Amino acid sequence: MAKSYDRLFEPIDIGPVTIPNRVYQPPHGNAYGLGDRQKYHRAEKAKGGFGLIVQEYSQVHESSDATPVDTGYIHTDETIEPQKEMVEAIHEQGSKVFVELWHGGITASNYGTRHPPLSASQIPSGRYFTPKEMEYEDIQEIVDAFGDAASRAREIGYDGVEFHAAHGYLISQFLSPFYNNRDDEYGGSLENRMRFFQELIDVVRENVSDDMAVGTRYTIDERVDGGLTKDGDGMEIIRQIGDDLDFWDIDIGVKQSIDDMIGPSRKHNKNYQMEYIREATQELDVPVGGTGRITDPDDAESLLKEGYVDMIGMARQSIADPHWARKAKQGDVDQIRECIGCNICVSQSRQGIPLICTQNPTIGMEEQWPAEEYREADEPKGVVVVGGGPAGLEAARVAAERGHFVHLKEKERDVGGRVNFEGSLPDLGEWKRVRDWRKTELQRLDMAEIHTGPRAEMDYDDVRTYGAEIVIIATGARWSEKGITSGTHEPVEGWNQDHVLTPEEANDADISDSSVVIFDEEGYNVSAGIAQSLADENDVTFVTPRTSEFQEAFHTFEQKEIFKSLYEKDVTFLPKHSLASVSEDTVEVSNVYSGETDTVDADYVVFTTMRVSNDQLYKELKADVDELRSETEIEEVHAVGDCVSPRRIADAVYHGHEIGRSI
């Protein structure tokens, strides 16, 4: 019997606006700008049952230029028409939509406009500029800009507006003593630091209609020394403003604590922000919403019933599965595609690269690929997919959804491919959801069969005689044993010794009380996970030609946690060094800039420098493709995922989805 989530799907009033349920998408950037891509992206979530969509942080003034990120905009009349189309598309699905009014202050570099960045105080930005401390004229100009933006929101047809008073943006920069060291009426006491925000609330109220809601995104605890805390001014601001606002969308963290603000699964368990929010929910008479990697409907229902929040916010989960709410309401909980907390979404958008998702390859492609809709195959074919990693699983799933007869062949005892290994590394267990959801879906689909184990292994003759009309090769990639990097393109001298290991070999080996050198150019989760595993019982030295270790994990907000873990384990880091050679019990390292060399003890050496495609079977088939077409049932041969180009898991899933849609 399907579970019911009565509380989750109750309507709720936010001021004058009735939201059809208590599931909302809080504002999140996607670098899609304004236009059709943004419209279809947000409308898909409304179609998927989210009762409230909050459009992303939207620039209210030209001095909040986030170049190169293509944010939301509401600072000129030219932004009105494309947003009207988006709002109408959301309303057609029965959902409500707010817009978030944003000024970045010190975080807005203004690289495009070249205006001096503004802030409450002149404090360091950590980049190439220091902001201007806002004068009275600047403050009044920004207050007026918020009023103008609210007026445009009314004209566009938004149901409400939400201040961005969180995450260390401009309103936060006035509220928080971490940013605000003014000594005038806008600084010092809490009353003075709140003055700018109060003026914004007043001017926005004057410019919206009576049937529009006014709420705020707000950081109750900034998680930095000297900042707002839930036991101090963070909560006191909520008490003092209270129901001057219709809705509080509360979370934690600022830019300096961004791994708390947008916590990766590497650091935070699910629902991790709720304890910070509960007191505010109990204090306020208006609705309170919150986020923090809520992915499970049972958890969501419990959080509502236990009074942690009045509404359940899902940013990353709404990206991973924009139909989460519909599936939960219909009782199709096992079909929900849960977020894995890898943060590849935000890692892209904060660099100005359109947002993507590891779990959901249709994100940003909703116009061409609606998330839960598949064009029926004109003529169903027999499809054999060789390899059950993320690309093969996704290709098989989508092909079966479209009506093809699909057999997936995986020579290991279980499907998953690289996900099985990477998901076994420290703190990455949730990554196995990439495998688990696709496996469950294939088992649900009548048109698909999964065959695993040694008897499912396929060579050229097996494929040739199988009887399938479409062949998809998804045989993945392997880690190179040779230590080749982008700087040399050559194997490391001495690579072919028994104590030189690949990551999988190192993970399976029983290594203790040894000196281990990891030579890395991956700069991401495998090298980090291997270092974490080996450093518990060994003396680990981490060598990389890059200027810093784990650079790929910087924008996913995992780098800080990785470094913290490895420093606690006394790992030695040698950035800007290459591995020149491997001897029996030492390695020679070389500074990539000075050429200076040194010797490091090494009982074992692990290479995490590159992966190589397992494409032999594909090449054999392609070499004889004309003969295959004339002498067998085979009509098409495709390769997908790492078999073509070893990249991120998200790229493999996307490629598999693309093939599944096209055959």
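Predicted model: local features only at pLDDT ≥ 70, side-chain atom pairs only at ≥ 80, totals over all residues.

User: Okay, helices first. At what angle do α3 and α5 pack?
Analyst: About 35°, with the axes of α3 (residues 136-156) and α5 (residues 190-207) 8 Å apart.

User: And is that crossing left-handed or right-handed?
Analyst: The α3 and α5 crossing is right-handed.

User: Which residues meet there, α3 against α5?
Analyst: From α3 you have Ile139, Ile142, Val143, Phe146, Gly147, Ala150, Ser151 and Arg154. From α5, they meet Phe196, Glu199, Leu200, Val203, Val204 and Asn207. Sorted by class, the contact of α3 with α5 has 9 nonpolar, 3 polar and 2 charged residues.

User: Switching to strands. Why is β14 largely enclosed by the rest of the structure?
Analyst: Because 5 of the 5 residues in β14 (residues 382-386) are buried. Both of its faces are covered. Gly382, Val384 and Val386 are buried on one side, and Val383 and Val385 are buried on the other.

User: What is β14 joined to by 5 bridges?
Analyst: That's β15 (residues 405-410), and β14 and β15 run parallel.

User: What kind of unit do β14, α13 and β15 make?
Analyst: A right-handed β-α-β unit, in which α13 covers residues 390-401.

User: Now loops. Where does Gly51 lie?
Analyst: Gly51 is in the loop between α1 (36-47) and β4 (52-59).

User: Is Gly51 buried or exposed?
Analyst: Buried: its relative accessible area is 1%, so Gly51 falls under the 20% cut-off.

User: What does Gly51 touch, leaving out residues up to four places away in sequence?
Analyst: Ile19, Pro20, Asn21, Val23, Ser95 and Lys96.

User: Last one: where does Ser645 lie?
Analyst: Ser645 is in the loop between β28 (636-639) and α22 (649-662). With 29% relative accessibility, Ser645 counts as partly exposed.

User: And how far is Ser645 from Val625 in space?
Analyst: 21 Å, C-alpha to C-alpha, while Ser645 and Val625 are 20 residues apart in sequence.

Conventions. Residues numbered from 1 in each chain as written. Heavy atoms only, no water. Axes fitted to C-alpha atoms, helices over the stretch in contact; angles between N-to-C directions. Helix = DSSP H or I, 4+ residues; strand = E, 2+ residues; numbered from the N terminus. Left-handed = near helix turned anticlockwise from the far one by under 90°. Contact = heavy atoms within 4.5 Å. Nonpolar A, V, L, I, M, F, W, Y, C, P; charged D, E, K, R; others polar. Buried < 20%, exposed > 50% of the residue type's maximum accessible area, 1.4 Å probe, protein only. Pairing = 2+ DSSP bridges. Right-handed = clockwise from strand over helix to strand, strands pointing away.
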